[in-house]
Amino acid sequence: MVCNNKTDVIVIGAGPAGVSAAITVARGGKKVILTERGNFAGSKNMYGGVIYDHAVKEIFPDYLQSAPVERFVSNHSYMLLDNDESTTITYKNHKENRNAFVSIRAKWDKWCVEQAIKEGVYFAPDTLVNGLIVEHGKVVGIKTDLEEYYADVVIIADGVNSLLAKQIGLRDEIKPKQTALGVKEVIKLSEEVINQRFGINSTQGAAYELVGGPMTGMLALGFIYTNKNSVSLGIGASLEDLKSKKIRPYELLEELKSHPSVAELIKDGELLEYSAHLIPEGGYNAMPKLYTDGAMVVGDAAMLVNNVHFEGTNMAMLSGKYAGETALEAFEKGDFSSDMLCLYRKKLENSFILKDLKTYKSVIDILSTRTGSFLGYYPQKVCEFFNIFTTADGVEKHGKFVKFTKDFFRKRSLSELFKDGISAVKLIFGVLK
Amino acid sequence: MCDKISENLDNKLYKVKYNTDSENHLIPDVSKCLQCVEKICTIICPANVYNYNESEKKMTVSYEKCLECGACRIACRHINWKYPRSGKGVVYKNS
């Protein structure tokens, strides 16, 4: 099928965005090559993280029959950490809930590509794309270690660092405050131990967001996700904060693991793998130009992540789908110019993707100015309150609550409280407006 | 404390599979390193790839430990950062 070094579409990067784009193109009857720089799809990938049913169904309607799902998430817990204390709020849905599931990327991405191959996608692993070939302002192909390859449309799905989108000027270099560094350990525990410690059964799964503790005052959150026979424990921390506070990411992870409320969840677990990855957190304001003559940018490369809700894999898959559909329409019209490919952006605008990114565009900017309070002081106060509320020690309650209330205002000046209040209002109205 | 942490990191990296490239893909501009006060690469890297020897005034780059995240290239503008060549570098199996 591949001759004369020319095909219809080349997709660079076999993550969720790339594979969705490639399979959409193949289903439309066009020839497509999907490149991957690793030995297999998923071998370079890491995430928090969960995959969302609504997006997967649009690409693989029957995925439940054979996809490597670890566990569907039934319990969402928010754990606020103080030094030796924690307060956890858990939302549990007892109805059958298939909203989101956990999977291991080395298995999931690989499975997705296997489906794509079955549907006619030509998969090229061990293929690093070093650069894009541009002629008269139009992207016409790719350069690999071995050769040059040409296509009418190139879909750029090369991930958060997207050296290729940068090469052709679609985006500026990302700034430390527009990215978070994720570090994670996958820790082996038996299924029974996981079920018991997380209060779930084998058909259920737990997701934890961890606030405060060693991350106090930073734009950083910890996370725990239950796999079948292991748990993923990690931190996503603003690169700007790690940089300015001079914090080594693996030290922060060790501190989090040693918090007693976290330590008891992973006790006697065996480390299976350690990994690190950047997360695009710039949101709407940091998005690159999404298309040019002959090319479109999808997934992490396009910075399509809603970090407040931990959504990224769904935006990746659907952006890939929209880019694939746009490529097919471009073939129908015989027009691969940016005037045609702007349809891709319109599709994103009409979907939840750009609507949500617009809604949340100022949230992180506001939060990053108040991390000391929203991700530090208040979570600590919650733990302190529950300590008082639950302790019987022969001391009368009135005095304790008066002291708690006085301390609340003494330790945080009125002006700081006022700023927090303004920020809270801005956050709410930012989302509701 | 520092030794304990580096031992911790060694234990973590011991579990990571690599298909090591024979060529270094991370080239800092060493002339800039000499003047750089912060040396943020030695702190921010989750695999501790960059080490600066103060007495020898020398930056060593253990590129074979690199997890290919890109944190160093965002935090420092003086690293010629590329991916390892086709099929080389880190191979995640459980993440």
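**One sheet, strand by strand**

Tutor: Start with one pair of residues: A:Ala180 faces A:Ser238, which belongs to S15(A). This is a predicted model, where local features need pLDDT of at least 70 and side-chain atom pairs pLDDT 80 or more, while totals for chains, interfaces and linings use all residues. Residues are numbered from 1 along each chain as its sequence is written, and chains are lettered from A and ligands numbered from 1 in the order in which they are written.

That pair sits between two strands of chain A. They are strand S12, residues 179-188, and strand S15, residues 230-238. Nine bridges link S12(A) and S15(A), in the antiparallel sense. Strands pair if DSSP finds at least two bridges between them. Strands (E, at least two residues) and helices (H or I, at least four) are DSSP runs, numbered from the N terminus.

Now widen the view. S12 and S15 belong to an open sheet of seven strands in chain A. Its order is S6-S5-S13-S14-S15-S12-S16. The pairing is mixed. At the edges stand strand S6 (86-92) and strand S16 (270-280) of chain A. Each has a single partner strand, so one side of each has no neighbour in the sheet. On average, neighbouring strands here are turned by 15 degrees against each other, direction ignored. Angles come from axes fitted to C-alpha atoms (for helices, over the stretch in contact) and run from 0 to 180 degrees between N-to-C directions.

S5(A) runs parallel to S13(A), and seven bridges join them. Here A:Ser77 has A:Tyr208 of S13(A) as its bridge partner.

Keep one rule in mind as you trace a strand. Side chains in a regular strand alternate between the two faces of the sheet.

A helix covers part of this sheet. Helix H7 of chain A, residues 249-258, lies across S12, strand S13 (206-212), strand S14 (220-226) and S15 of chain A. H7(A) runs at about 130 degrees to S15(A).

Some of these elements also meet chain B. Contact here means C-beta atoms, placed from the backbone, within 7 Å. The interface takes 42 residues from chain A and 31 residues from chain B. On the side of chain A, the elements giving two or more residues are helix H3 (105-118), S12, helix H6 (239-244), H7 and S16. The most comes from S16(A), with eight residues. By class, the chain A side holds 19 nonpolar, 10 polar and 13 charged residues. Nonpolar means Ala, Val, Leu, Ile, Met, Phe, Trp, Tyr, Cys and Pro; charged means Asp, Glu, Lys and Arg; the others, Gly among them, are polar.

Finish with a second open sheet in chain A. Its three strands have the order S3-S7-S4, with antiparallel pairing. Strand S3 (51-52) and strand S4 (71-72) of chain A are at the edges, each with a single partner strand, so each has one side without a neighbour in the sheet. S4(A) runs antiparallel to strand S7 of chain A, residues 100-102, with two bridges between them. Look there for A:Phe72, opposite A:Phe101 in S7(A).

Methods: Two residues are in contact if their C-beta atoms, placed from the backbone, lie within 7 Å.
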